[in-house]
Amino acid sequence: MKLQRRKLTASVPSFAMGDIGFLLLIFFVILARSQDDSHIQWQPAKLDDIEMAAAPRATVSIDTGYKTYLDGKEISPDNLAAALTDVLADTPAGERNVFLKVHREAKATHFEPVIAAISEAGGDLVHILEPEEQNSQK
Amino acid sequence: MKLNRGKMLVDPPACASSDIAFTLIIFFLVCAAVQPETGMSQALPKTESQTEKRDQSQNLEVSITPSSIVLNGSPLNLENFTKRIAAELKKKTREADRIVVVKSAPDTPYPIWLGVSQAIDQAGGILTLELETEKTITVE
């Protein structure tokens with residue numbers, strides 16, 4: 001006489017499906033952030049009377065080594081205008097924000113060609129800055 | 001004789017607590033990464049490759065160096081420059097006359113340049129950059 005083995009079934013517990021779905025969603029959201037420039041080392045300049053910036057279409061950065069980056073990738077200032085024109089493409093006016101993150105110690109020779117390139121590409125320039133600390137003893 | 005009732009409290013399964021903690025960590029990380037940024041928007045006229053033929057004598061000219069700001073030949077500090085540029089631009093009625101040509105020395109620091117451009121912007125001027133261009137001329 002043959003004894004039948006008990007079937008062993010291994011299933012993913014269904015109560016974990018919500019957690020798994022949520023984690024996958026966040027994973028893909030982070031992957032989709034193609035404009036990630038968190039690896040760039042820079043310190044923002046300080047200025048008073050600044051406002052919240054709307055969402056950018058592209059981000060141009062100048063780091064502590066005065067290298068230029070477009071959306072986290074190093075680029076020569078000479079090629080920036082053409083690359084930005086491609087990124088902005090047919091984006092309607094008012095949505096063509098280009099964030100400019102310039103290291104506070106940069107000189108005109110570093111940032112002026114970049115500003116000219118953003119202007120040439122028809123981008124709406126937004127300087128990313130830090131609010132100046134208000135002196136409490138006035 | 002009294003019968004003891006079964007406990008009605010239902011604890012969340014302990015095996016899910018690590019999932020919950022991990023999800024919360026990711027949630028707060030994402031929240032921290034997408035915090036809004038602050039800045040100053042600046043309207044720049046689109047750069048033309050061809051030189052426009054226009055009467056530039058009417059435009060205000062600002063030269064910036066690391067130590068001074070010069071408006072139409074007069075050296076000023078930032079405070080006085082802000083007042084003077086506002087007064088000068090008040091006189092201009094046509095938009096074309098509100099163009100302010102800014103020429104910076106190569107070693108002008110970014111914070112000084114920002115202060116000048118903010119003053120021009122707040123006075124209602126249209127900032128235009130005058131860049132130095134390099135040309136290579138071959139002499140035969």
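## Close-up views of a predicted two-chain model

**View 1. Where helix α2 of chain A ends.** Just after α2(A), A:Ala89 adopts a positive phi of about 40 degrees.

View 2. Next comes α3(A), made of the 13 residues 108–120. Its first and last C-alpha atoms lie 17 Å apart, close to the expected 18 Å. Which residues of α3(A) are buried? They are A:Ala108, A:Phe111, A:Glu112, A:Val114, A:Ile115, A:Ala117, A:Ile118 and A:Ser119. After α3(A) comes A:Gly122, and the phi of this glycine is positive, near 80 degrees.

**View 3. Chain A as a whole.** Stepping back for a moment, chain A contains 3 helices and 8 strands. Along the sequence these elements follow the pattern α-β-β-β-β-β-α-β-α-β-β. The radius of gyration of chain A is 24 Å, well over the 14 Å given by the globule rule for 138 residues, so the chain is more spread out than a compact globule. Its C-alpha atoms fill a box of roughly 90 × 50 × 30 Å along the principal axes. Of the 138 residues in chain A, 28% are buried. Among contacts in chain A with a separation of 6 or more, 73% link residues 24 or more positions apart.

**View 4. The open sheet of chain B.** Here 5 strands of chain B line up in the order β4-β3-β2-β5-β6, with mixed pairing. At the edges are β4 (74–76) and β6 (126–129), each of which pairs on one side only. From one strand to the next, the twist averages 30 degrees. Look within the sheet for β2 (residues 60–64) and β3 (residues 69–71) of chain B, antiparallel strands joined by 3 bridges. Opposite B:Val62 you will find B:Leu71 in β3(B).

**View 5. Two helices lying across the strands of chain B.** Helix α2 of chain B (residues 78–90) lies across β2, β3 and β4, and runs at about 20 degrees to β3(B). Helix α3 of chain B (residues 110–122) lies across β2, β3, β5 (99–104) and β6. The angle between α3(B) and β2(B) is about 160 degrees.

**View 6. Where chains A and B meet.** How many residues does each chain give to the contact? Chain B supplies 27 residues and chain A supplies 31. On the chain B side, the elements giving two or more residues are α1 (17–33), β1 (38–42) and α3. The residues on this side of chain B divide into 14 nonpolar, 9 polar and 4 charged. Strands also pair between the chains: β7 of chain A (residues 124–128) and β1(B) run antiparallel over 4 bridges. One place to look is A:Ile128, whose bridge partner in β1(B) is B:Gly39.

View 7. B:Cys15 sits in the segment before α1 of chain B. Is B:Cys15 buried or exposed? This cysteine is exposed, because it has 10 other C-beta atoms within 10 Å, and a residue counts as exposed at 12 or fewer. For a sense of distance, the C-alpha atoms of B:Cys15 and B:Val116 are separated by 60 Å, and the two residues are 101 residues apart along the chain.

Notes. Residues numbered from 1 in each chain as written. Chains lettered and ligands numbered in written order. Predicted model: local features only at pLDDT ≥ 70, side-chain atom pairs only at ≥ 80, totals over all residues. Expected span 1.5 Å × (residues − 1). Buried ≥ 20, exposed ≤ 12 C-beta atoms within 10 Å, placed from the backbone. Rg over C-alpha atoms; globule rule 2.2 N^0.38 Å. Contact = placed C-beta atoms within 7 Å. Pairing = 2+ DSSP bridges. Axes fitted to C-alpha atoms, helices over the stretch in contact; angles between N-to-C directions. Nonpolar A, V, L, I, M, F, W, Y, C, P; charged D, E, K, R; others polar.
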